[in-house]
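Look at the sequence and the structure first, then read the points below.

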Amino acid sequence: MTEIKLPIIGYMQSPYKEKFGIPRQPNLVQVESYIEMVGPYNDLLAFEGIEAFSHLWLIWQFHDNKYQENAKFRPQVRPPRLGGNQKIGVFATRSMYRPAPIGLSVVQLKEVKKVGKNVRVYLNGSDLLDGTPIMDIKPYIQYSDAIIEAQSGYAQDEPSRKTVIWCDEAEQQKQQLLGNGKISVQTIQELEAVLSLDPRPAYQEDEERVYGMRFADLDVKFKVNTQYIQIVEI
């Protein structure tokens, strides 16, 4: 047997509406999201006891990339953390362009509850695109899964962050949206945390370029320089 089939047990509902801007690892930004379970897995009995665990492993599918099922195997990729210019073995990375398009993320569990006829698993810290298929959920075991002395190669340290500022026009737009209830303070805080990680490809350094990113219900325009991220429009 050269391949296996996995069920889809649910779909991620997240403010990340496109790949650009998603943190490159989980838990860098405490964004709230939830998994909408599908039948027959939308049964609260399947989650009995899960509240005793603070964190979960999610096993999921890279469903929105250019890597096709019949694509030729590429043994090397260019990790963003290395500037996007240096090649390294695909199995030494978490790149989406791999033989099995499967991702693995640790997230914080908030709660599991029934909403109407649906069962939802509410989370913090996800790095998953909205609509991502979920294949499995497993409890995170602190004594065995957390290895303090582990070496993480080129990704040993958390990425640095930039200060996020708002230009006058964007600040006015923000206050108007907050005032009429179209966005929440939490959404603004999550947006700023996401942008602070500088979502640009590492090789792009044009300080005059205006970048666009969709986050929640916002279409965000911003510029980047060596010190800060400036939001110019939402």
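Which residue in S2 is the bridge partner of Gln13? The bridge partner of Gln13 in S2 is Tyr34. This is a predicted model, in which local features need pLDDT of at least 70, side-chain atom pairs count only at pLDDT 80 or more, and totals for chains, interfaces and linings use all residues. Residues are numbered from 1 along each chain as its sequence is written, and side-chain values use heavy atoms, with hydrogens and water left out.

**Strand S1 and its partners**
- Strands (E, at least two residues) and helices (H or I, at least four) are DSSP runs, numbered from the N terminus.
- Two strands pair if DSSP finds at least two bridges between them.
- S1 (residues 10-13) runs antiparallel to S2 (residues 32-37), and four bridges join them.
- With S8 (residues 133-139), S1 pairs in the antiparallel sense over two bridges.
- Within S8, Pro133 is the bridge partner of Tyr11.
- Gly10 and Met12 form the covered face of S1, while Tyr11 and Gln13 form the uncovered one.
- In a regular strand the side chains alternate between the two faces of the sheet.

**The four-stranded sheet**
- Four strands form an open sheet in the order S9-S12-S11-S10, with mixed pairing.
- Its edge strands, S9 (163-166) and S10 (211-215), each pair on one side only.
- S11 (residues 218-224) and S12 (residues 228-233) run antiparallel and are joined by four bridges.
- Lys223 has Gln230 in S12 as its bridge partner.

How values were computed
Buried < 20%, exposed > 50% of the residue type's maximum accessible area, 1.4 Å probe, protein only.
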